[in-house]
Amino acid sequence: MAKNKKSYISQLDLIKEYFLSHPNREIPHPEVVDWATKEYSKRTKKVFRDPDRAVRSLHQKGFLIKVRKGVYKYDPDFIDNKDFDEFTPEQKEEILKRGDYRCAVCDLGEKEGVKLHIAHLKPKELAGEHTIENGQVLCEKHHFLLKEYKHKSLGKQFIINQYERAKYINDKEVMALSLELLEIFEKHGIDSHINWKK
């Protein structure tokens, strides 16, 4: 199956990249917004819809210090990045490739006009790590549902989709792992509303 070759970077990653490359410099809001808007268009051929919101989000999450109105800075000595770290752009690309650029739940992708997100299998709140193994591809809708239902109702469907993909390419190791995981779901009655037969 042909894969989408276009590079992936989220809007937050792009804003973060700019501040990381200018540590300890007080950066006026318009400067980073202008750069991010042009750079996002250059890299993705898409329009950066709300760069202002992305900057505010990074400040609210504790990654940026607001020096004064409209001026932010990234101070590596002040910010504790351990809790903030997300998947790197390289990890996201690898997770997208592994997921065939399709949502793990509904199997839709960008070809169907669906915006894709990278999400944690085990959530950060439960000490889920920012690793490729703990990442999954979700569409915007199912990423929202995952947050609403705290991951509980999406795990089994993800494993089912992985099993079906592995079966399609005859990957016996992933098929065996998926079957073992599905047996655990059934043993504990987790996601019992999702019916599946081998």
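Modeller: Buried means under 20% relative accessible area, exposed over 50% and partly exposed in between, with a 1.4 Å probe and protein chains only. This is a predicted model, where local features need pLDDT of at least 70, side-chain atom pairs count only at pLDDT 80 or more, and totals for chains, interfaces and linings use all residues. Residues are numbered from 1 along each chain as its sequence is written, and side-chain values use heavy atoms, without hydrogens and water.

Colleague: How many disulfides does the structure hold?

Modeller: A disulfide is a pair of cysteine sulfur atoms within 2.5 Å. The number of disulfides in this structure is 0.

Colleague: Which cysteine sulfur is nearest to that of Cys103?

Modeller: Cys103 is in no disulfide. At a distance of 3.7 Å, the nearest cysteine sulfur belongs to Cys106.

Colleague: And is Cys139 buried or exposed?

Modeller: Cys139 is in no disulfide either, with the sulfur of Cys103 as its nearest, 3.8 Å away. Since its relative accessibility is 4%, Cys139 counts as buried.

Colleague: How are α2 and α3 oriented to each other?

Modeller: Helices (DSSP runs of H or I, at least four residues) are numbered from the N terminus. The axes of α2 (residues 29–44) and α3 (residues 51–60) come within 9 Å and cross at roughly 120°. Angles under 35 degrees count as roughly parallel, over 145 as roughly antiparallel, 65 to 115 as roughly perpendicular and the rest as oblique. The two helices, α2 and α3, are therefore oblique.

Colleague: Which residues of α3 does α2 meet?

Modeller: Contact means heavy atoms within 4.5 Å. From α2, the residues His29, Val32, Val33 and Thr37 meet, in α3, Pro51, Asp52 and Val55.

Methods
Axes fitted to C-alpha atoms, helices over the stretch in contact; angles between N-to-C directions.
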